[in-house]
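Colleague: I would like to go through this model with you. Please tell me what stands behind each term as we go.

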Amino acid sequence: MPTVLVIEDERDLAELVAFHLEQEGYNCLIAGDGNSGLNEARRHRPDLILLDLMLPGMLGTEVCRLLKGGEQTSSIPVIMLTAKGEEIDRVVGFEMGADDYVVKPFSTRELMLRVRAVLRRSSEQAPKSTQLTLGSLHIDTEGHRVEVAGEEVQLTSTEFKLLMNLAERLGRVQSREILLQNVWGYNYLGDTRTVDTHMTRLRTKLGAAGEMIKTVRGFGYKLEEA
């Protein structure tokens, strides 16, 4: 049974979300501020974190950055919950490593849909071929490890899934809509700029190997071996 950690300072909202999560069959933990949320994540290593942005003690963006930079917590998917719905706020959240973004007020039905989708894609089995090398880029699909020129690159679960979708279809163009369906696991309720934001971050992390990811103007992306 998956465990979800809710880091939210509005106690009533946290308990409401926890109630619906438990109704869906999940174990649920609650933390009321950034510092305790970070400690709970490190202690229990939940399967998913629902993270508010405006937290006392430590902002959610900083909590997310520390989680994604930690060896034991980097692979835990994070859904950000926030009242900030502007594009720049979503971009900042994704740049910190968030896997999804839900704007308050939200329906619990939508939130449960996103929780199921994120958990589903994070638990999917790796492809049968466990090692994939493209130029200086090496992907260990079973261990979820990526190396460029022998140096390990830390990717979020979403970034890894995005890279795998391109690598498994080497040379074939993938539209933004298809990538949203394959990587996010459902018809994303936001817009396709989400793909662009993640792709920019992925290219940056891959360094020179990121140049293999080509933009096909007006359509999407493809991976070409150098």
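Colleague: What makes strand E7 and strand E8 a pair, and in which sense do they run?

Modeller: Two strands pair if DSSP finds at least two bridges between them. E7 (residues 137–140) and E8 (residues 145–148) have 4 bridges, in the antiparallel sense. So they pair by that rule. His138 stands opposite Glu147 in E8.

Colleague: What are the ground rules?

Modeller: This is a predicted model, where local features need pLDDT of at least 70, side-chain atom pairs count only at pLDDT 80 or more, and totals for chains, interfaces and linings use all residues. Residues are numbered from 1 along each chain as its sequence is written, and side-chain values use heavy atoms, with hydrogens and water left out.

Colleague: Which runs count as helices and strands, and how many are there in the protein chain?

Modeller: Both are DSSP runs, numbered from the N terminus: helices (H or I) need at least four residues, strands (E) at least two. The protein chain has 8 helices and 12 strands.

Colleague: Why are E6 and E9 said to stand at the edges?

Modeller: The open sheet has 4 strands in the order E6-E7-E8-E9, with antiparallel pairing. Strand E6 (131–134) and strand E9 (151–153) each have a single partner strand, so one side of each lacks a neighbour in the sheet. From one strand to the next, the twist averages 25°. Axes here are lines fitted to C-alpha atoms, for helices over the stretch in contact, and angles between N-to-C directions run from 0 to 180 degrees.

Colleague: Which helix lies across E6, E7 and E8?

Modeller: Helix H6 (residues 157–167) does, running at about 110° to E7.

Colleague: What is the strand order in the open sheet of 3 strands?

Modeller: The order is E10-E12-E11, and the pairing is antiparallel. Strand E10 (174–175) and strand E11 (213–216) are the edge strands, as each pairs on one side only. E10 is joined to strand E12 (residues 220–223) by 2 bridges. Gln174 has Tyr221 as its bridge partner in E12. Helix H8 (residues 193–206) lies across E11 and E12, at about 150° to E11.

Colleague: What makes the β-α-β unit of E1, helix H1 and E2 right-handed?

Modeller: Point the strands away from the viewer. If the path from the first strand over the helix to the second runs clockwise, the crossover is right-handed. E1, helix H1 (residues 11–23) and E2 make a unit of that hand. Strand E1 (residues 3–7) and strand E2 (residues 27–31) pair in the parallel sense over 5 bridges. Thr3 has Asn27 as its bridge partner.

Colleague: Why is Asp52 called buried?

Modeller: Buried means under 20% relative accessible area, exposed over 50%, partly exposed in between (1.4 Å probe, protein chains only). Asp52 has 4%, so it is buried. The residue lies in strand E3 (residues 48–52). In E1, 5 of 5 residues are buried. Thr3, Leu5 and Ile7 point one way, Val4 and Val6 the other.

Colleague: Which residues does Asp52 touch?

Modeller: Contact means heavy atoms within 4.5 Å. Not counting residues up to four places away in sequence, Asp52 touches Ile7, Glu8, Asp9, Gly60, Leu81, Thr82 and Lys104.

Colleague: What does UniProt list for Asp52?

Modeller: The unreviewed entry lists "modified residue: 4-aspartylphosphate". UniProt positions follow the numbering used here, feature names are shortened, and annotations may be inferred rather than shown by experiment.
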